[in-house]
Amino acid sequence: MDISSLVAALGACTNSNPDVRKAAEDALNQAKHAREQVVNLLRVALEDSIDPSVRQVAAISFKNLVRRDWAPSEEGKASPLADEDKAVVREALLEGITRAPPAVRVQLAECVRSLVYSDYPEQWPALLAQVHASLTSQDQARIAGALTVLRFLARKYEFRDEEDRGPLDLLVNTTFPVLLQIFQMLLAMESTAPELAELLKLVCKTFWSATYMSIPPLVNQDQQFSGWMACFHTLMMKPLPLEHLPADPDARKSWQWNKAKKWVMHIASRLFNRYGDPKLCSEKEDKAFAERFQKECSLTCLQAALAQLATLTQGGYQSPRVINLLLQYITQALAFSHTWKALKPHVEQMLLHVVFPLLCFDDEDAELWEDDPQEYIRKGYDIMEDIYSTKTAAMSFVHELCKARAKGSLDMLMAHLVGVLNEYKAAHPAAPVPLARKMDGALLAIGTLADVLKEKKPYSAQLEPMLLQHVVPLFESPHGHLRAKACWVAGNYADIEFGDGKGRGATFAALLQRVVAAIGDPNLPVRIDAAVAVRSFLDAVEDEDLGPLRPLVPQLLQQFLTLSNEIDNEDLTFSLETVIERFSDDMAPYATGLCQQLAQQFWRIVSSGDGGEGGDDDEDGGDDGALAAYGVLRAMSTVLESIHALPHLYAQMEDVLFPILERYTSSDGQDIFEEVMQLATYLTYFAPQISPRMWSLYPRMVQCITDWAIDYFEEVLLPMDNYISKGTDVFLGSQSPNYLAMTNQMLEKVLSGDGYPEDQVVCAPRLMGVILQHCKGRVNDCVGPYVSLALRRLAPGVESQDLGDALMCVLGDALYYDAALTLGALGQQGALGQALQALHTTIFANRKSGKMKHYTSPREKKVLILGLVALLALPDAQLPAEVKPGMPQVTSAVLRLLLALKQQQEEHRAHGGSDDEGGSGNESDLEDESEEEELGDSDDEVDEAYLKRLQRMAAKRAGDDEEDDEDDDDYDEYWSEDDDEEVSSPIDVVDPFIFFAETLHGIQHSDPGRFAALVGGLDANVQAAVQGMMQYAVQLKEEEAQKAAAETAAAAANGRA
């Protein structure tokens, strides 16, 4: 399309006639990949003689074409744009962004960013030289254009690892000397034009990106270091041109001078946080920078921050974001003695005249409270808002000051706060609005200091009187924000030791009664704060004291659900979870109704487009919706957990929850997949049987793992285990779909594919173990492929010991399944000797402490013991010739595992573990009990173990699970609960010690010569250990018999009673 035709088509795109507009758009679309089309669009956008509206349409069309087709995101897809045209565009773009009008420049800037990310430096090697030439041109327009491009260049490498930052070092060395000169020149200008602020912002953002990961060597040179730090200090101190301050609060957010100030404070705060203490730096350049920054800059920047905050006491203005960053800086200054000494004389002034007013309820809060209470609540509970909030920054300063530098500071602040409390008490209930707002700030400070005041004398002894005298009356305050704050403060102190004990007494009851009553307050923010506070009160009550609170349960459930229909709030959902958990025995009458209402709430959240289905995260509220959907699903899991002793209710739960499971067991559920899988886990484990529609989810789970959900394999493994263990006949018998075949295809893909995370790949061999243990004698065709897959995955080596051990355990499971079949399969694969040798080597590998390096969990040891004992039990006639000479070593390996397992069990008991307790600390509580002392017949024991395991996994997902560093003598690592195996299996009823002893006894009686060959050639100490282990097995068997007799007698006695 030639220029004239292109201009006509672009002009027609703004025609009021839709037919004309459609024809023009079609013509442009048809020609978009034609030779020179992309070049001509750029030419039209830059041509001064063409109508501005046409130029803008050309720029937008150019941007869309570049974004979509310059470097297609689809792997392997070539760009439809000609290389010659691309070269012309690259050559012209920097000059174009320099002279384009603002409406066009903003579109071209997006194109520059796209091209920098895709083409620099390989296809655009001349760009850096072009930028440098423009920076040194003395032409302000060219400098401005070059700064825009330089910002994108630095941004490209902001988060790159050291090995990928080579182009950034060249960029810094080439441009930073002249960039510093430009920075100095801009700061020397007396102009207050917004364009100047925009250029200052670009310089700061370029420095931010270029120094984000580490300090470039150039910046440590004397002239560069001194120059940059002086410029930052100058910009921090530069007065805002308040005569140009926009009147509109929203316009102030985008005011260029506010942005320039924000970015220089970003830099100062980050430099102080990261380089304030040289001892915390490891890299040479970073340490050198930190030493100079600590000595030459930290105090001058602190003085600048204090000066800027001091303007607030004189009615001056700083943007909320800048105030937040200034407070972050002085909060960080509390950590170092040299900055604390400089800050200390200013603390009282800062605290009482800057920080405390920021804590108080203000006009903006009042307007939001009245006009948009839901937004008021969102801002109060949104973690992202906390990052930018002036209130949160003020709270952090107060807390850190009174915790880290309490001497003098805490008493001074508390005297001020008590003065406010008493002033308000004297005026209540007719306190004027200004005093009510001060009271709000005082309560916010007191609530913020809860953990400090609970520990500090004399304040800890005065908390209950303070709550009685100053907080309880506020529940009747005419000011809604004070009623809300009373709920919040009461919740923060609900766990203190009251006069009658924790969670007891008249004061506790008075506070709880008022908080519960406040859930019916006419103001929504009060209702939410009250509902959230209830959680703290319930957590503070011991189980034996819950009885008097039970009558509140129906009211609380209904109120929480009503509130959930008014607003999506994750903390509200957590409170609902707490009610369900603390009164789980009372949930049966409400369970179905709760799930129905929670499901309705869930569908409302996702139908509003706010989250839960992988929507656009850029949309306002998307994160809030996703969090709310996540919270609702967690509450559903809590309901399912509360009724685990009533399996007949699960069919009703399934009716309600299945539509959610069906839809979100797919890529739609990526944001909430863990929670969806937990629901599926409860429904497949506790329901009396797995329904056909629940079986319809199994292929979907397999598909998810295969397509995108490998990172969630651990969560999917739980319900898969349940399907296989509870529905073995369906799993093996179904042909359409063929569950076993699709599972095996998934296992092959996961174990054969590249790039999968090993911490999730480990679930594949565990799933093989589930199948081999539950389907013994029925999946002979799987044995060979399973051991082959495991050995192939081991061949190139694995970084994760967990994965390596799990793959070797497949060999143990296969041997226990059918030792002869397994040996035959290994022989056919030519891997028999190699596999057994690898197993022997890993069994005898030691830590420094002498304990086993591999197979650290009891479950792994048991699997290998059973497999190797099954190998010992094979008659000589079924043993391959290459295996027979090594059979005594197999006996030694079994003994090594048994001794290690026995020691581990003894250590566990010494650390407080009990055979009768569910919380054993192992990866499966059920496994502990099956190995140390068999479970009784009560299903409750199994269910409690399963619940504990699910709770551990939930805590792990929530970040509460922290792995210890490797320590040879660390008990917690040795008895690990990080490994999640199946909860129960047929091997749970097999005691490994008794199995070993009975097998050897059988060989000794049936084939004494073979027994002698297995044991006689061993070292005398090893032979003695074998005899000792066999005696230990006899002891265990006698204990089992005594336990069974006692249980029979107890059952008979109960029957007579």
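Predicted model: local features only at pLDDT ≥ 70, side-chain atom pairs only at ≥ 80, totals over all residues.

Student: Which residue does Glu 423 meet in a salt bridge?

Tutor: The side chain of Glu 423 meets that of Lys 438, at 3.6 Å from N to O, which counts as a salt bridge because the cut-off is 4 Å. This pair links distant parts of the chain, with Lys 438 in helix 23 (residues 433–448) and Glu 423 in helix 22 (residues 406–427), 15 residues apart. Lys 438, at 31% relative accessibility, is likewise partly exposed.

Student: How many salt bridges does the structure hold, and which residues are joined into one network by shared partners?

Tutor: There are 39 salt bridges in the structure, and those that share partners join Glu 375, Arg 378, Asp 382 and Glu 385 into one network. Another salt bridge is formed by Arg 155 and Glu 158, whose closest N and O atoms are 3.6 Å apart; here Arg 155 is partly exposed at 28%, whereas Glu 158 is buried at 4%.

Student: How is a pair of aromatic rings described?

Tutor: Such a pair is described by two values, the distance of the centres and the angle of the planes. In this structure there are 38 aromatic pairs. For Trp 603 and Tyr 664 the ring centres are 6.1 Å apart and the planes stand at 35°, so the pair is tilted. Trp 603 lies in helix 31 (residues 591–607) and Tyr 664 in helix 33 (residues 650–664), so the pair ties together parts that are 61 residues apart in sequence.

Student: Is Tyr 664 buried or exposed?

Tutor: Tyr 664 is buried, with a relative accessible area of 0%, while Trp 603 is partly exposed at 27%. Elsewhere, one aromatic cluster is formed by Phe 225, Phe 272, Tyr 275, Phe 289, Phe 293, Tyr 329 and Phe 336.

Student: Which residues form a negative surface patch?

Tutor: That patch consists of Asp 161, Glu 162, Glu 163, Asp 164, Asp 169 and Glu 283. Among them, Glu 162 is found in the loop between helix 8 (140–156) and helix 9 (166–188), and its relative accessible area of 66% makes Glu 162 exposed, because exposed means over 50%.

How values were computed
Residues numbered from 1 in each chain as written. Heavy atoms only, no water. Patch = residues over 30% accessible without salt bridge, like charges linked within 9 Å, V, L, I, M, F, W, Y side chains within 5 Å. Areas by Shrake-Rupley, 256 points an atom, 1.4 Å probe, with all protein chains shown as cover. Lys, Arg positive; Asp, Glu negative; His and termini not counted. Charge placed at Lys NZ, Arg CZ, Asp CG, Glu CD. Helix = DSSP H or I, 4+ residues; strand = E, 2+ residues; numbered from the N terminus. Buried < 20%, exposed > 50% of the residue type's maximum accessible area, 1.4 Å probe, protein only. Phe/Tyr/Trp six-rings, centres within 6.5 Å; stacked < 30°, edge-to-face > 60°.
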